[in-house]
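Please read them with the structure open.

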Amino acid sequence: MSRDAEPLGPADAQKLRRERYMQVLEAHGESLARVARSYAKGPTEHEDLIQEVALGLWKALPSFRGEATLKTFAYRIATNVAISHLRRRRIHEPVPEGADDAPSPETALERAAERRRLRRAIEALPMSLRQVVVLRLEDLTYAEISGVMGITESNVSVRLTRARRQLREDLGAKP
């Protein structure tokens, strides 16, 4: 039996796990945080969800078999953790956001209102459409979204088309 084929010892396995964890956080941490934000109702819940995603990623890394990229694997974990979080959430009241750092109060109010309006429209989408929109906003390719969600690329395209149509209707109908 060659040395490469030998199973990793516990110390080597932990080292590899830490390296992969740090690699994912360095490369995709901000994007994963934005994904978490899209499922959270406010800053406190967002922070909690980021922690849940980080923990979920750490727990799931030993099951990473390399069948997908580490990026796709991380997004799948983040999405699954966020959906589980939504299922557990008991309070559905919107939380007001903090102040925007825009140059003028008028601009800040307009931008904040547009972001809230868009976020509410995205949150109102059915979960299957919301997931593809959130992942696409994170610049994942159709193939990557397909891998994260376990659906075909054609289905990703169909869902994005439906989501865009619904968002146009929802955002166009409001003043």
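1. I start with α5 (127–137), bearing in mind that this is a predicted model. The buried residues of α5 pack against α1, α3, α4, α6 (142–149) and α7 (153–172). Those buried residues are L129, R130, Q131, V132, V133, V134 and L135. Just after α5, D139 has a positive phi of about 65 degrees.

2. Which helices do the buried residues of α1 pack against? The partners are α2, α3 (70–88), α4 (105–124) and α5 (127–137). On the α1 side, the buried residues are R17, Y21, V24, H28, S31, L32, A33, V35, A36, S38 and Y39. An α-helix has 3.6 residues a turn, so residues three or four places apart point the same way.

3. The course of α1 deserves a check by eye. Its end C-alpha atoms are only 36 Å apart, whereas a straight helix of 30 residues would span 44 Å at 1.5 Å a residue. A kink of about 70 degrees is found in α1, with its centre on H28. H28 is also one of the buried residues of this helix.

4. How many aromatic pairs does a search of the whole structure find? It finds two. In one, the ring centres of Y21 and W58 are 5.2 Å apart and the planes stand at 85 degrees; edge-to-face pairs need an angle over 60 degrees, so this pair is edge-to-face. Y21 belongs to helix α1 (residues 10–39) and W58 to helix α2 (residues 43–60), so the pair ties together parts that are 37 residues apart in sequence.

5. Y21 has 16% relative accessibility, so it counts as buried. W58 has a relative accessible area of 23% and is therefore partly exposed.

6. F64 and F73 form an aromatic pair too, again edge-to-face, with 5.0 Å from centre to centre and 65 degrees between the planes. Both of these residues, F64 and F73, are buried.

7. The last point concerns the largest pocket, which has a volume of about 500 Å³. Its lining is made up of 15 residues, and the closest to the pocket centre are R34, R37, S38, R119 and L137. Two or more lining residues come from each of α1, α4 and α5. Of the residues closest to the centre, S38 is also listed among the buried residues of α1.

How values were computed
Residues numbered from 1 in each chain as written. Predicted model: local features only at pLDDT ≥ 70, side-chain atom pairs only at ≥ 80, totals over all residues. Heavy atoms only, no water. Phe/Tyr/Trp six-rings, centres within 6.5 Å; stacked < 30°, edge-to-face > 60°. Helix = DSSP H or I, 4+ residues; strand = E, 2+ residues; numbered from the N terminus. Buried < 20%, exposed > 50% of the residue type's maximum accessible area, 1.4 Å probe, protein only. Expected span 1.5 Å × (residues − 1). Bend = angle between axes of the 7 residues up to and from the residue. Contact = heavy atoms within 4.5 Å. 1 Å grid on protein atoms, 1.4 Å probe; cavity = no way out; pocket = protein on both sides within 12 Å on 5 of 7 lines; lining within 4 Å. Points joined across faces, edges and corners; volume = space filled by probe spheres on them.
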